[in-house]
Amino acid sequence: MFWLQEAAEKSAEHGGESAHHTPIIVQFVNQYLGQWAYDFEMKYTYPLWQKFFKLTIPQIEIFHRKFGPIQIFNTTPEAVFGPYTPETAIPWYTVMFVIACILSVVIIWILKGRLSEEEPGHGQQTLELGVLAIRGMIEDIIGPQGLKYFPVVMTFATLILVSNLMGLFPLFMSPTAAVSVTFALGISSFLYYNYIGIKENGLGGHLKHLAGPIWWIAPLIFPIELISNFIRPFSLGIRLFGNLFADEKVVQTVSTLAPPWTWIAPLFLMPLSIFVAFIQTFVFVLLSQLYLSEVSHADHGEHEEHGHAESSDHVHSELDDAALATS
């Protein structure tokens with residue numbers, strides 16, 4: 001519902017000056033911590049960016065002909081993150097994501113209440129419904145041995161859902177509408193499932209998995225699978241960002257069609273926004289579990305009992321297609 005504040009600020013513009021759309025809580029944080037963050041960035045992160053993201057290959061000579069210098073990367077921190085000032089040193093999405101982390105803990109604590117097996121409250125039943133849904137997905141996709149990954153998967157689900165829904169409330173914005181946050185979540189999922197693969201199978205076994213079961217086409221399969229794995233964090237991040245960003249832009253556009261009469265119109269789009277928030281959480285968690293299922297394997301007895309090994313590739317393919325279609 002940050003569209004309401006933006007619409008009011010746009011109507012209050014004077015002298016051709018553009019309104020400042022930064023949430024008030026972000027302004028408050030930068031007022032007290034912005035100078036410290038700005039000094040830290042100028043001293044450490046800003047020089048590192050300039051060093052590693054402005055790479056130039058020096059001039060070389062081949063067959064008595066000179067080539068170069070060639071610029072591989074030529075970008076500046078300002079081009080990516082905007083102007084560096086104490087007022088913008090801590091980006092809005094960083095503040096909102098920290099708030100999302102705090103809200104996730106508070107919401108779970110409130111819903112949990114006093115745990116009771118005989119008379120569970122409404123909050124406890126809501127939490128149990130979510131827990132059972134995620135546990136069921138893990139058992140169906142990864143297998144019973146995948147329950148050990150439940151804390152991480154549930155953390156992803158809770159944090160992403162809260163982040164997605166924050167944009168529906170005044171003075172808040174969805175941190176998942178920023179590509180920096182969604183890429184960070186995608187990279188976290190990528191690092192975690194690769195860590196599990198190396199931990200359970202060893203580095204050699206994990207790399208062997210990328211080569212496929214047929215040795216004579218392994219030289220072709222390995223680079224394809226390697227590239228596919230490195231693309232996954234970006235596909236996770238872009239999918240989540242694109243849907244949340246598009247949803248917010250639709251709401252913002254509708255609210256500014258004919259102000260002040262259209263300020264109330266986005267209220268009718270809230271059911272769609274809530275649906276997008278839940279479905280994108282589901283897709284991210286589903287794909288993360290699919291990636292875990294590829295690197296986590298039960299022992300031989302469990303495979304025979306549950307028939308997981310024989311049908312895993314077929315099931316994964318169908319689930320992956322369903323997730324892509326849903327997103």
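Tutor: Two residues are said to meet, or to be in contact, when heavy atoms of theirs lie within 4.5 Å. Please keep in mind that this is a predicted model.

Student: Which residues of α2 meet α4, then?

Tutor: Ile25, Val26 and Val29 of α2 meet Trp92, Val95, Met96 and Ile99 of α4.

Student: At roughly what angle do the axes of those two helices cross?

Tutor: The axes of α2 (residues 24-52) and α4 cross at roughly 100 degrees and come within 10 Å. Angles of 65 to 115 degrees count as roughly perpendicular, so α2 is described as roughly perpendicular to α4.

Student: Moving on to α6. Is it largely enclosed or largely open?

Tutor: Helix α6 is largely enclosed by the rest of the structure, because 12 of its 17 residues are buried. Among them are Phe150, Val153, Phe156, Leu159 and Met166.

Student: Which helices do those buried residues pack against?

Tutor: The buried residues of α6 pack against α4 (92-112), α5 (122-141), α7 (179-211), α8 (218-255) and α9 (270-295).

Student: And how far does α6 reach from end to end?

Tutor: Helix α6, residues 150-166, reaches 24 Å from its first C-alpha to its last, close to the 24 Å expected.

Student: What about the largest nonpolar core: how many residues has it?

Tutor: The largest nonpolar core has 34 residues, and those with the most contacts inside it include Ile134, Val153, Phe284 and Leu292. Two or more residues come from each of α5, α6, α7, α8 and α9. Helix α9 gives the most, with 10 residues.

Student: What does Val153 touch, apart from its neighbours within four places in sequence?

Tutor: Val153 is in contact with Ile134, Ile138, Val285, Gln289 and Leu292. Another core, of 12 residues, lies apart from the largest one; Val26, Ala37, Ala100 and Met166 are among its members.

Student: Now Ser288. Is that residue buried or exposed?

Tutor: Ser288 is placed in helix α9. Its relative accessible area is 6%, so Ser288 is buried. The side chain of Ser288 makes a polar contact with the side chain of Ser189, at 3.0 Å.

Student: Last one: where is Leu171 found?

Tutor: Leu171 is found in the loop between α6 and α7. Leu171 has 43% relative accessibility and therefore counts as partly exposed. The C-alpha atoms of Leu171 and Val26 are separated by 9.7 Å, although these residues are 145 residues apart along the chain.

Conventions:
Residues numbered from 1 in each chain as written. Predicted model: local features only at pLDDT ≥ 70, side-chain atom pairs only at ≥ 80, totals over all residues. Heavy atoms only, no water. Helix = DSSP H or I, 4+ residues; strand = E, 2+ residues; numbered from the N terminus. Expected span 1.5 Å × (residues − 1). Buried < 20%, exposed > 50% of the residue type's maximum accessible area, 1.4 Å probe, protein only. Core = buried A, V, L, I, M, F, W, Y, C linked by side-chain atoms within 4.5 Å. Polar contact = N/O pair within 3.5 Å; in protein donor to acceptor, adjacent residues only side chain to side chain. Axes fitted to C-alpha atoms, helices over the stretch in contact; angles between N-to-C directions. Parallel < 35°, antiparallel > 145°, perpendicular 65-115°, else oblique.
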